[in-house]
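Reader: I'd like to learn how to read a structure like this one. Could we go through it feature by feature?

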Amino acid sequence: MENKTSYNLLLLLASLNLAFLFSSCSASASSFNVVSFGAKADGKSDSTKAFLDAWAQACGSATAATVYVPKGRFLLRNSVFAGQCKSTKITVRIDGTLVAPSDYNVIGNSKYWLLFQQVNTVTINGGILDGQGTGLWACKNSGKSCPGGATSISFMNSNNIVINGLTSQNSQLYHIVFNGCNNVKMQGVRISASRTSPNTDGIHVQLSTSVSIYNTRIATGDDCVSVGPGTANLWIENVQCGPGHGISIGSLGKHLEEPGVQNVTVKTTTFTGTQNGVRIKSWGRPSNGFARNILFQHAVMSNVQNPIIIDQNYCPDNINCPGRVSGVKISDVTYQDIHGSSATAVAVKFDCSSEYPCSRIRMENVKLTYNNQVASASCSHADGTSSGLVQPTSCL
């Protein structure tokens, strides 16, 4: 009896070992190292095909899969990582740096560098994206004819996206874009580009719902975060911005028929030496767009040119809008616990549409100074209330 029990125990242990072995093989089979597909970590050899092949294998996996990028610099041309995958979850783990071609003409006309299209449940952990955009910035700033540039990483028509600890530097155009996405979470992201780099928005969100951005530092030449039409349920928290153009809702109202922006929370932010702090802007021309249910809370301004601003007369180069009025309706916007210093005398400016005035604007506990003195406020076609200490004195 004792021998039979021992024999059965040995059989059980053997079966458990085999199960562990097979599960380990299965797990390792679902991890795809780009080097195994021919990628070179020298920053010079074109590794585009290797990355796309690794992605294709992960996408076709019957289980959760990982694409692994080891340490080193990997040169990539513009790449589309297509979705509709068999795998229910793909993780891209990046320990190295992805480098765009130094010649901006190679990808500069394609509008994107790395594009994830129609993907579901994708997580990107770590990594550095180097857009090598300095040459294109110089071309644009010189007034020469140049390519439009490529956004470093874009997600289009995708769901359940997580980005942890990614760094994007020196993008040609925007750094990170979400267009037509749902359920996105970003945290620990670092974005950097020169303050003179044109159109290098840090994070741009449009036509997307339930996007959250946490614990992120952005220094760039345009908006730190820009919010385009069709954005709803956006949460931004603990973001440091500067240099840059601030956190901007808009520009809105470029088109006559346009979805609106609603349910946006921006809290616990710092702005250092930026052109704007918290901004809403719309084109000065007809549109059925709107911006409503917006909360700006717990913001610190340090030497910011326009700490609080609504500009409904946006008309770059005075083309197609002079003498026209914005149709975008702005309502239910709250500014709460915002303090610090303005680089200009007018720290609060509400320049709203004369046809559709801003309504239900609320100022609560706002204190902004200019040269250690009380700053001033300017209101045009704006209606609302103030409570608590509000300096400059509310003009609502």
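Reader: Let's start with a helix: which strands does helix H2 lie across?

Author: First, some ground rules: this is a predicted model, where local features need pLDDT of at least 70 and side-chain atom pairs count only at pLDDT 80 or more, while totals for chains, interfaces and linings use all residues. Residues are numbered from 1 along each chain as its sequence is written, and side-chain values use heavy atoms, leaving out hydrogens and water. Helices (H or I, at least four residues) and strands (E, at least two) are DSSP runs, numbered from the N terminus. Here, helix H2 (residues 48–59) lies across S5 and strand S8 (112–117). Helix H2 runs at about 5° to S5, with axes being lines fitted to C-alpha atoms, for helices over the stretch in contact, and angles going from 0 to 180 degrees between N-to-C directions.

Reader: And the sheet: what is the order of its strands?

Author: Two strands pair if DSSP finds at least two bridges between them. In this model an open sheet of 11 strands has the order S5-S8-S11-S14-S17-S19-S21-S23-S25-S27-S30, and the pairing is parallel. Strand S5 (79–82) and strand S30 (376–380) are at the edges with a single partner strand each, so one side of each has no neighbour in the sheet. From one strand to the next, the twist averages 15°.

Reader: Can you zoom in on one pairing? Over how many bridges do strand S19 and strand S21 pair?

Author: Strand S19 (residues 225–227) and strand S21 (residues 247–252) pair over 3 bridges, in the parallel sense. Valine 227 stands opposite isoleucine 249 in S21.

Reader: Now the inside. Which residues have the most contacts in the largest nonpolar core?

Author: In soluble globular proteins, nonpolar side chains tend to be buried together. A nonpolar core is a set of buried Ala, Val, Leu, Ile, Met, Phe, Trp, Tyr and Cys residues joined through side-chain atoms within 4.5 Å. Buried means under 20% relative accessible area, exposed over 50%, partly exposed in between (1.4 Å probe, protein chains only). The largest core here has 87 residues, and Phe178 and Tyr335 have the most contacts inside it. Leaving aside residues up to four places away in sequence, tyrosine 335 touches (heavy atoms within 4.5 Å) residues including Phe296, Phe350, Arg362 and Glu364.

Reader: I care about cysteines. How many disulfides are there?

Author: A disulfide is a pair of cysteine sulfur atoms within 2.5 Å, and that rule gives 6 disulfides. One of them joins cysteine 224 and cysteine 241, with sulfur atoms 2.1 Å apart. Cysteine 224 is in the loop between strand S18 (209–219) and S19, and cysteine 241 is in strand S20 (residues 232–241), so the pair ties together parts 17 residues apart in sequence. The torsion about their S-S bond is about 80°, so this disulfide is right-handed.

Reader: Is cysteine 379 buried or partly exposed?

Author: Cysteine 379 is partly exposed, at a relative accessible area of 25%, and cysteine 395 is partly exposed too, at 29%. These two form a disulfide with sulfur atoms 1.9 Å apart. By contrast, cysteine 224 is buried at 0% and cysteine 241 is buried at 3%.

Reader: What is the pairing of the bonded cysteines in sequence order?

Author: Numbered along the protein chain, the pairing reads 1-2, 3-4, 5-6, 7-8, 9-10, 11-12. Cysteine 181 is in no disulfide, and the nearest cysteine sulfur, that of cysteine 85, is 14 Å away. Cysteine 181 counts as buried, at 3% relative accessibility.
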